[in-house]
Amino acid sequence: MKRKPNWLRLTVHALAWGLLVWLVWSFINDPINPIQATTKRSGYIALVFLVLSLAATPTNTLFGFRQAITVRRTLGLFAFMFAGVHFLIFSVLDYGLDWSLLRGAIFEKPFVLVGLTALTILLTLAVTSFKWWMKRLGKNWKRLHRLVYLAAPLVVVHYSWSVKGDVLRLQGDILQPLAFGLAVALLLIARLPPVRRTATHLRSRLTQRLSGPVAESPQPVEGPNR
Amino acid sequence: MTDYLKYKSVPVKSSEITPEHLFLNRRQFLKTMGTVGAGALLAACGVNVTDETPIVSTPSDLTTNSQTDELGDPLNTYEQITNYNNYYEFTTLKEDVAEKAQDFQTSPWEVKVYGLVNKPQTFGLEDLLKKFPQEERIYRLRCVEGWSMVIPWVGFPLSALLKEVEPQSSGKYVRFETLLDSEQMPKQRGSLFPWPYQEGLRLDEAMNDLTILATGLYGKPLPAQNGAPVRLVLPWKYGFKSLKAIVKIELVPDEPETFWTTVASNEYGFYANVNPDVAHPRWSQASERRIGELGRRTTLMFNGYAEQVADLYQGMDLSIHY
């Protein structure tokens with residue numbers, strides 16, 4: 001029996017592995033400070049994958065694009081992969097596993113600690129993301145995997161603490177952290193039952209109207225074809 | 001430009017200078033290996049690999065009196081120093097400043113020295129170069145982000161300039177200001193930062209012999225990305241205190257606001273002395289990476305200049321006055 005290829009998932013794979021190759025390439029070709037640059041890049045990529053993974057469910061509930069659900073786990077696993085790379089660069093390449101330095105770097109200040117907490121969550125979710133664990137944990141699996149709603153804001157905080165500026169006072173190099181914060185906030189709000197219900201309701205009314213006699217013009221952009 | 005010929009530099013026999021190509025050898029080898037390896041991979045994916053040449057290539061006529069700092073650590077290369085800069089007026093990407101700043105106009109240039117002084121004066125750049133003997137100072141630069149370099153600056157003590165204008169006794173602090181010109185410095189149009197860049201020093205810090213106004217590096221005029229035509233260099237403080245492209249120096253009675261204390265006063269203090277024991281509110285400052293090295297080094301108190309500057313902070317709690 002032949003399975004139809006999931007082009008969306010293949011695209012996600014191509015993107016992620018391509019980015020990993022690019023990361024290695026950019027590391028080797030950075031003439032000045034490759035460790036700092038690659039630490040930043042890998043963290044940034046991890047955050048993007050995490051946000052995309054969080055976007056999968058709302059893409060389905062709000063826009064009825066069901067295929068998004070099929071890449072949710074893949075996106076989450078790649079977020080973990082790049083977060084892992086990020087942590088390995090930090091601990092192995094940057095600090096050379098020098099525990100006396102690492103201890104201070106991790107525990108003295110909350111910046112790294114917050115990132116490490118998020119990584120621990122992502123690790124737990126990645127390990128338990130397989131069918132076997134799903135069955136074994138039963139109802140608790142879903143509860144456990146809701147921890148991603150905590151991990152994402154922690155990662156945004158970690159990121160906003162890495163730039164020079166003050167997000168709370170709207171000063172400094174903060175546009176990107178704010179944008180990611182807003183994205184995560186919206187994606188979490190979109191999961192609230194009343195929001196979801198309203199969206200589903202609106203969408204079904206919209207599709208009803210569109211499938212009526214006036215549906216001659218090309219599909220509107222909100223349509224499920226994106 | 002010819003004024004730079006007056007730089008006092010002890011002639012070094014050409015045989016004593018480590019040729020740049022040997023200096024860069026290891027790095028270059030790794031780079032080539034990487035380009036070949038990754039290039040093959042990317043080429044296989046149909047990605048066009050362009051040869052990445054740095055914006056600033058190394059001039060052949062670099063001069064310096066020594067190949068190391070006083071601790072015996074080698075100088076960073078001209079390529080490293082001129083392609084990795086924090087200069088938020090142009091971009092927040094350190095690798096891109098060189099390109100973004102390459103058309104920056106530094107001539108004519110004037111520095112206004114005024115405020116609580118007996119003889120306020122405005123110096124053209126040429127006046128500064130003529131009036132004050134230029135000398136080489138090899139200093140470590142420690143960035144608050146946790147990296148460092150060794151740089152052979154050319155410049156003159158700020159104290160010489162201040163003596164010239166005669167500070168009054170009420171002038172307890174010095175305030176510095178970078179050029180404000182959003183035509184040339186596009187990021188100054190953004191409203192998230194309090195432009196122009198300002199910095200400040202206590203008068204005794206400003207008069208310390210380590211404090212210089214730099215006008216060149218490696219025996220050549222400062223490149224735009226390094227703060228041309230004239231910048232402050234304070235080797236015992238985090239790099240952000242050493243502001244670039246200075247147009248105003250003012251003697252004031254009280255501690256001035258600075259760029260970074262305005263942006264985030266809980267993170268960047270007025271003093272900003274390099275101190276491994278006082279962490280940044282978010283990250284530790286106990287170690288650093290010397291650009292060009294893979295491992296980390298322990299950060300030294302006052303960046304290794306304690307002997308010259310520790311007296312300035314006698315009796316102060318440096319964890320409060322960070």
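Biologist: In which sense do H6(A) and H9(A) cross, left-handed or right-handed?

Modeller: In this predicted model, the crossing of H6(A) and H9(A) is left-handed. Helix H6 of chain A, residues 110–127, and H9(A) pack at an angle of about 150°, with their axes 9 Å apart. Since angles over 145 degrees count as roughly antiparallel, that value makes H6(A) roughly antiparallel to H9(A).

Biologist: Which residues make that contact?

Modeller: On the side of H6(A) they are Phe111(A), Val114(A), Gly115(A), Thr117(A), Ala118(A), Ile121(A), Leu122(A) and Leu125(A), and from H9(A) come Val148(A), Leu150(A), Ala151(A), Leu154(A), Val155(A), Val157(A) and His158(A). Sorted by class, the contact of H6(A) with H9(A) has 12 nonpolar residues, 3 polar and no charged ones.

Biologist: At what angle does H9(A) pack with H10(A)?

Modeller: Helix H9 (residues 148–160) and helix H10 (residues 175–189) of chain A pack at about 170°, and their axes are 9 Å apart, which means that H9(A) is roughly antiparallel to H10(A). Here H9(A) contributes Tyr149(A), Ala152(A), Pro153(A), Val156(A), Tyr159(A) and Ser160(A), which meet Pro177(A), Phe180(A), Gly181(A), Val184(A) and Leu188(A) of H10(A). The class count for the contact of H9(A) with H10(A) is 9 nonpolar, 2 polar and no charged residues.

Biologist: Where does Trp161(A) lie, and what does Trp161(A) touch?

Modeller: Trp161(A) belongs to the loop between H9 and strand E1 (165–166) of chain A. Leaving aside residues up to four places away in sequence, Trp161(A) touches Phe111(A) and Arg282(B). Trp161(A) and Phe111(A) are 50 residues apart in sequence, but their C-alpha atoms are 6.5 Å apart in space. Trp161(A) counts as buried because 21 other C-beta atoms lie within 10 Å, and the cut-off for that class is 20 or more.

Biologist: How many residues of chain B are in contact with chain A, and which elements supply them?

Modeller: There are 32 residues of chain B in contact with 28 residues of chain A. On the chain B side, helix H2 (25–44), helix H3 (78–82) and strand E11 (287–290) each supply at least two residues, and the largest share, 7 residues, comes from H2(B). That side of chain B comprises 17 nonpolar, 8 polar and 7 charged residues.

Biologist: How are the neighbours of E1(B) paired?

Modeller: E1(B) and E2(B) run antiparallel and are joined by 4 bridges, with Lys112(B) opposite Thr122(B) of E2(B); the two strands form a hairpin with 5 residues between them. With strand E10 (residues 246–252) of chain B, E1(B) pairs in the parallel sense over 4 bridges, and the bridge partner of Gly115(B) in E10(B) is Leu251(B). Elsewhere in the sheet, strand E5 (residues 173–178) of chain B runs antiparallel to E6(B), joined by 5 bridges, and Glu177(B) stands opposite Gln198(B).

Biologist: Where are Glu166(B) and Ala272(B), and is each of them buried or partly exposed?

Modeller: Glu166(B), with a positive phi of about 55°, is in the loop between helix H6 (158–165) and E5 of chain B, and is partly exposed because 13 C-beta neighbours lie inside 10 Å. Ala272(B), with phi near 50°, is in the loop between helix H8 (259–263) and E11 of chain B, and is buried, with 22 other C-beta atoms within 10 Å.

Key
Residues numbered from 1 in each chain as written. Chains lettered and ligands numbered in written order. Predicted model: local features only at pLDDT ≥ 70, side-chain atom pairs only at ≥ 80, totals over all residues. Contact = placed C-beta atoms within 7 Å. Nonpolar A, V, L, I, M, F, W, Y, C, P; charged D, E, K, R; others polar. Axes fitted to C-alpha atoms, helices over the stretch in contact; angles between N-to-C directions. Parallel < 35°, antiparallel > 145°, perpendicular 65-115°, else oblique. Left-handed = near helix turned anticlockwise from the far one by under 90°. Pairing = 2+ DSSP bridges. Buried ≥ 20, exposed ≤ 12 C-beta atoms within 10 Å, placed from the backbone.
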